[in-house]
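Take a look at the protein model below.

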Amino acid sequence: MKKIAYILLLGACPLIFNAKVLADKEKENFQSIAENIKHYSQNTLTDKEIENDFCVKKFESQEVFNKWDKLLNEVYQYLKKNKKPDEFNNIKQQQRNWIKEKESKAKSVEKAKDYDDRQEKEYNVYNVYIDYTSKRCEELINLVDNNTKEPPVNNKSEQQIKLERFQDALNSIERIDKSSCEDGMLAQYEINNMSVWVCKKWEKLMKEMLSYMKDNLSEEDYSAIEAEQKKCEKEAENKANEAAKDWEGGSGETMARYSAYTEVWSKRCRALVEDVKKYVINKEKPIKSATNTTETKSNASVKKVFQESFEKLKEKELKISNSSDKNAKKELFNELDKLLNDVYKHMKNTISSEDFEIVKQAQREWIKEKETASKEALNKNENGNGELNKINSDISFTKTRVEILIDLLEE
């Protein structure tokens, strides 16, 4: 009998060990997310530039709270699945008491004074939510594995952590921008201020990524990134000036100008996140833009360079055609989109203005068609594949358009 018990105990040891290892890894993941939220909030909520702008501060605080709230729900659900019923019942009761206390504090802040500015009131309420939710997150994370005396060691490299923070900042700016656009009660001056602030956030993130790559790439490799950046800055300036003309002297001029900058900077930031991943983490070599490397070559040589780049992307598409890896497909789309812009800009600089007007009009029609198809693909959400359908549609349309534009180039 003792022998059987001993054998059973030995058999159980791996299960106990594996459960502890899994709990440690989950705890490490939660702690990593919490650190990223703290890092994000330290770089935003303490910004003196927005000290007296409660509209901007409100949207920033809302974003920080939403991050903590999402993490809180994830940790709570993990404990619900992995704790014994009696242990979780105690956690659940504590959670109910915590919610009552949090809401009571928020109401007292709302009634503390007669606010002249609704943004100030909402900002103060979100601050209460942030304070309570961040502390509750830490309490629940500590319950993930009571056997772990020391916090698990984070095995992620500094480069991976940096990339995650860039990606998190990018997603946060997009959400803040979307929230402000959906708030139908903002006054025009608040809309203008938000436009400026969102633009500055994109610009700040862009400069951080450029600085990071400059410090982590060779001078030769960074020169390719720098060349792209110069083109991007010219494009942003031109778009901003064009947009401002339509609103010149009006209350919406600031919004129009900074929204145009945002359009270019946001797209640039998405490209730079991919660049950090490829060139800093994966150690790939940057390829100089075709428009940079072929300025002094004949049209035939330029066309050949574009064709070679296009063939490489077609090969890449073939390898992932049956894949459900959204990140890989997004990367392919971004590369196709960049090649499309390079070819389009080259045509603008080399063909007559009359001929380019025809190309430009066709390009506008193509964009409308692509966006319509993209929305239809997204709505076909069978088995939750709407986003993947959208990416596949964008790739297909862009690939076809690139091929048409390359064929139109003179030899």
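Begin with helix α5. It has 25 residues, which at 1.5 Å a residue should span 36 Å. The end C-alpha atoms of α5 are 36 Å apart, so the two values agree. Which residues of α5 are buried? They are Leu 163, Phe 166, Asp 168, Ala 169, Leu 170, Ser 172, Ile 173, Ile 176 and Ser 180.

Helix α8 can be checked in the same way. Its 29 residues should span 42 Å at 1.5 Å a residue. The end C-alpha atoms of α8 are 41 Å apart, which agrees.

**The whole chain**

This is a predicted model, so confidence comes next. The chain averages a pLDDT of 84, and 86% of the residues score at least 70. Confidence is highest in α3, at 94. Where is confidence lowest? That is helix α9, residues 290–293, with a mean of 47.

One is residues 1–19, for which the model has zero contacts beyond four places in sequence. Another is residues 291–297, for which the model has eleven such contacts.

The chain has 13 helices and zero strands. From the N terminus on, the elements run α-α-α-α-α-α-α-α-α-α-α-α-α. Of the 411 residues, 41% count as buried. Take the contacts between residues at least 6 apart in sequence: 76% of them join residues at least 24 apart.

In soluble globular proteins, nonpolar side chains tend to be buried together. Here the largest nonpolar core has 66 residues. Leu 71, Leu 205 and Trp 265 have the most contacts inside this core. Helices α1 (2–42), α2 (54–82), α3 (85–110), α4 (118–142), α5 (158–182), α6 (188–216), α7 (219–245) and α8 (253–281) each supply at least two of its residues. Which helix gives the largest share? It is α2, with twelve residues.

Leaving aside its neighbours within four places in sequence, Leu 205 is in contact with Phe 166, Ala 169, Leu 170, Ile 173 and Cys 269. Phe 166, Ala 169, Leu 170 and Ile 173 are among the buried residues of α5.

There is also a second, separate core of 23 residues. It includes Phe 310, Phe 333, Val 343 and Ile 406.

**Cysteines**

How many disulfides does the structure hold? It holds zero. Cys 232 is in no disulfide, and the nearest cysteine sulfur, that of Cys 269, is 8.7 Å away. A disulfide needs the sulfur atoms within 2.5 Å. Cys 269 is likewise in no disulfide; the nearest cysteine sulfur to Cys 269 is that of Cys 232.

**Buried or exposed?**

Buried means under 20%, and exposed means over 50%.

| Residue | Relative accessible area | Class |
|---|---|---|
| Cys 232 | 9% | buried |
| Cys 269 | 0% | buried |
| Glu 274 | 12% | buried |
| Lys 283 | 57% | exposed |
| Asp 394 | 5% | buried |

**Around α8**

Glu 274 is found in helix α8. It counts as buried because its relative accessibility is 12%, and the cut-off is under 20%. Beyond its neighbours within four places in sequence, Glu 274 is in contact with Glu 331 and Asn 334.

Phi of Lys 283 is near 60 degrees, a positive value in a residue other than glycine. At 57% relative accessibility, Lys 283 counts as exposed.

**Asp 394**

Move on to helix α13, residues 386–408, where Asp 394 is found. Asp 394 counts as buried, at 5% relative accessibility. What does Asp 394 contact, leaving aside neighbours within four places in sequence? Its partners are Phe 333, Lys 370 and Ser 374. Phe 333 is included in the second core. With Ser 374, the side chains make a polar contact at 3.2 Å. Ala 377 lies 17 residues from Asp 394 along the chain, and their C-alpha atoms are separated by 9.3 Å.

Technical notes. Residues numbered from 1 in each chain as written. Predicted model: local features only at pLDDT ≥ 70, side-chain atom pairs only at ≥ 80, totals over all residues. Heavy atoms only, no water. Helix = DSSP H or I, 4+ residues; strand = E, 2+ residues; numbered from the N terminus. Buried < 20%, exposed > 50% of the residue type's maximum accessible area, 1.4 Å probe, protein only. Contact = heavy atoms within 4.5 Å. Polar contact = N/O pair within 3.5 Å; in protein donor to acceptor, adjacent residues only side chain to side chain. Core = buried A, V, L, I, M, F, W, Y, C linked by side-chain atoms within 4.5 Å. Expected span 1.5 Å × (residues − 1). pLDDT = per-residue confidence, 0-100.
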